[in-house]
Amino acid sequence: MDPRPIALLSTDVAGSTRILESDPAGYQRGLAHHHHILRQACGAENGGEFHDSGDGLTFAFPSAAGAARAAQAVQVELARTGWPPGAAALEIRVALHWAGAEFREGQYRGPGQNVAARLLAAAHARQIVASAALAARLADEGGEPVTPLGTYRLRGFAGSEPVHQLAYPGQPESFPPLRAAHARRHNLPPLTRRLLGRDAELEGIARGLASPGKRCLVLTGTGGSGKSHLALAAAHRALESFDHQVLWVPLAGLQSASRLPRALLRALAAGTKAEGPALDTFCEALAGSPCLLVLDNFEHLAAEGAPLLATLLARLPGMRCLVTSRTALGLEAEEILPLGPLSVPAESDDRETLRRSGAVRMFLDRARQAVPDFELTDANASSIGALCRLLGGIPLGIELATARLPVFSPAELHASLCESVSEEDRGLAAGLEDVFEWSRRKLPAEVDRTFAQLAVFQGGWTAAQAAAVCGLAGVDDAIGHLHFLLHCRLADVRDTGAERRFSMLEPLRRFLQRRQPELAAEARQRHRALFHELTVRTNRAMSAPGALAACDALEAEIDNVLAALNAAEDTAARLSFAVDLHDFARVRGHAAALRPALRFEP
């Protein structure tokens, strides 16, 4: 009989041996309830059961989408089910794989079952993992998208396997690293915007990273000059050169260099289960292999963080660093790459010459994002050139200005900006802040108020958190305001799988905190209350079932939590906050961050 393709769904109970030894009767009752839910969910999607491993079951499905829906339904139902009296509450992991198999003697037989078993062994409680074959088949069937976790060497297999994760409602915000050796590591965010006018700079970074001399390249420049965007584009280009071991570490939300080792582990996806000193764990994970470490927004950590970076370079001979900072770091190993504005056209340039300048190239690209049929014409060429000169070739200024093109023509945009930007005082920083202020004045009053208060967040926020901190009536109001800010490019959004998370660029956040301190003070009080409440809930859950999920949820908000702690108004309030945070901070390696926040230093 020729093998036919099927989707395999395999499960097992996390921590089954421990539960069985401590509560044999409860385990058996819980297992029977778990099997009932699993069989119902799989049967509803035409899944056929053919193997019982004792604490797990395997089902075969005719479609990948059906297997995926069954896996999601099982995890959702187990998370909310009321367990029978005396039954242990069990958590399972699920593995999905698409493979050819023969049906003989009541079972599907084939090597695909081995892949599913190895995937299952690498997963964690409440997690759904999928092979590359299943992910590809799911995409062909129009099923839900999956999130790539990286490429791993699964136990018992000579090659490597890309592993994906399937999300479901109510899943933990993050999981520990898979229990398998990482074949390649990279956590780079996607490049959502084209990088234009920086070809020479990209080549310079590539040459620097390939050079045997300096091992730390530092991109310096003023806020809004595009350092982060350039570094991200350069990191994507360097993936093959570093065998995909490229780590992106955003540092804007860190208030102390003492938290840098944990930030490194978070980028490595090893922050939640690392044992021993964080820096040692990081170095052990990357020892003996080439890697590129990209540290974004390092300037406020430079004094204390530069020695730690020097230690990393000494301990990891195969590591190169690419750092963005407004200032140099003072390291012996560093090479400074200053980043200026994009090239701007001269007043005398004709249309074709105008088109070749870096600022105009970026302007046209972003203009087409706002107005798809936008073109450079004889009628608007002089206004576009004047706008790019007025904005000083600063990429962030161009981003904000072009977002208004659906309601302003280039000539109207230039005239409006001229009212805000001083002709005689147009230094890079001052000019950019003028553009910030101009962008704010175009916002509706209620959206501007929300925008100013969002600056209290560190590390991003959700729509529900925005509603709570900005004093809005509900999440719908927050979503409306955030949609407006996204449209104006004053905020960014990313999908984490379970929810959408918003953020703003650091130059904008600093600007807002300076301009309206009274609004920031109101928002800080609500921000502190929100994240202190999260800390209290996590502290209560530390000794209860689901403690891992609670800790992971707080870990995802650690920048906001520590910012809230630091903003507490007096020692008593900070101490109360710290007491609630203490057990989590000790377990997750954040204890060092409590001292500067509580100002315990002599």
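In this predicted model, the second largest pocket is lined by 30 residues, and those lying nearest its centre are Arg18, Ala89, Glu91, Ala125 and Gly546. The space within the second largest pocket amounts to about 810 Å³. Several elements of secondary structure contribute to the lining, for α1 (16–22), α3 (64–80), β4 (92–104) and α22 (547–556) each supply at least two residues. Of these contributions, that of α22 is the greatest, with four residues in the lining of the second largest pocket. When the lining of this pocket is sorted by class, 18 residues are nonpolar, five are polar and seven are charged.

Rolling a probe the size of a water molecule over the atoms shows where empty space is left. The structure holds one cavity of 30 Å³ or more, and about 70 Å³ of space lies in the largest cavity. Its lining is formed by Arg194, Leu195, Leu196 and Arg198, together with Ser225, Gly226 and His229, and also by Met362, Arg366 and Pro395. By class, the lining of the largest cavity divides into four nonpolar, three polar and three charged residues.

The packing of helices is considered next. Two packed helices are described by the angle between their axes and the distance between the axes. For helix α12 (residues 358–370) and helix α13 (residues 381–390), the axes come within 10 Å and cross at roughly 110°. Because angles of 65 to 115 degrees count as roughly perpendicular, α12 and α13 are therefore described as roughly perpendicular to each other. The crossing in which α12 passes α13 is right-handed. On the side of α12, the contact is made by Ala359, Val360, Phe363 and Leu364, while α13 contributes Ile384, Leu387 and Cys388. The contact of α12 with α13 comprises seven nonpolar residues, with no polar and no charged residues.

A second pair is formed by helix α9 (residues 278–286) and helix α10 (residues 302–315), whose axes come within 10 Å and cross at roughly 35°. The passage of α9 across α10 is likewise right-handed. In this contact, Leu279, Asp280, Phe282 and Cys283 of α9 meet Leu308, Thr311, Leu312 and Arg315 of α10. The residues in the contact of α9 with α10 are divided by class into five nonpolar, one polar and two charged.

Terms used
Residues are numbered from 1 along each chain as its sequence is written. This is a predicted model: local features need pLDDT of at least 70, side-chain atom pairs count only at pLDDT 80 or more; totals for chains, interfaces and linings use all residues. Side-chain values use heavy atoms; hydrogens and water are left out. Axes are lines fitted to C-alpha atoms, for helices over the stretch in contact, and angles run from 0 to 180 degrees between N-to-C directions. Angles under 35 degrees count as roughly parallel, over 145 as roughly antiparallel, 65 to 115 as roughly perpendicular and the rest as oblique. A crossing is left-handed if the near helix is turned anticlockwise from the far one by less than a right angle, and right-handed if clockwise. Contact means heavy atoms within 4.5 Å. Ala, Val, Leu, Ile, Met, Phe, Trp, Tyr, Cys and Pro count as nonpolar, Asp, Glu, Lys and Arg as charged, and the others, Gly among them, as polar. On a 1 Å grid over the protein atoms alone, a cavity is a set of points where a 1.4 Å probe fits but cannot get out, and a pocket is an open set with protein on both sides within 12 Å along at least five of seven lines; lining residues have an atom within 4 Å of a point. Grid points are joined across faces, edges and corners, and a volume is the space filled by probe spheres set on the points.
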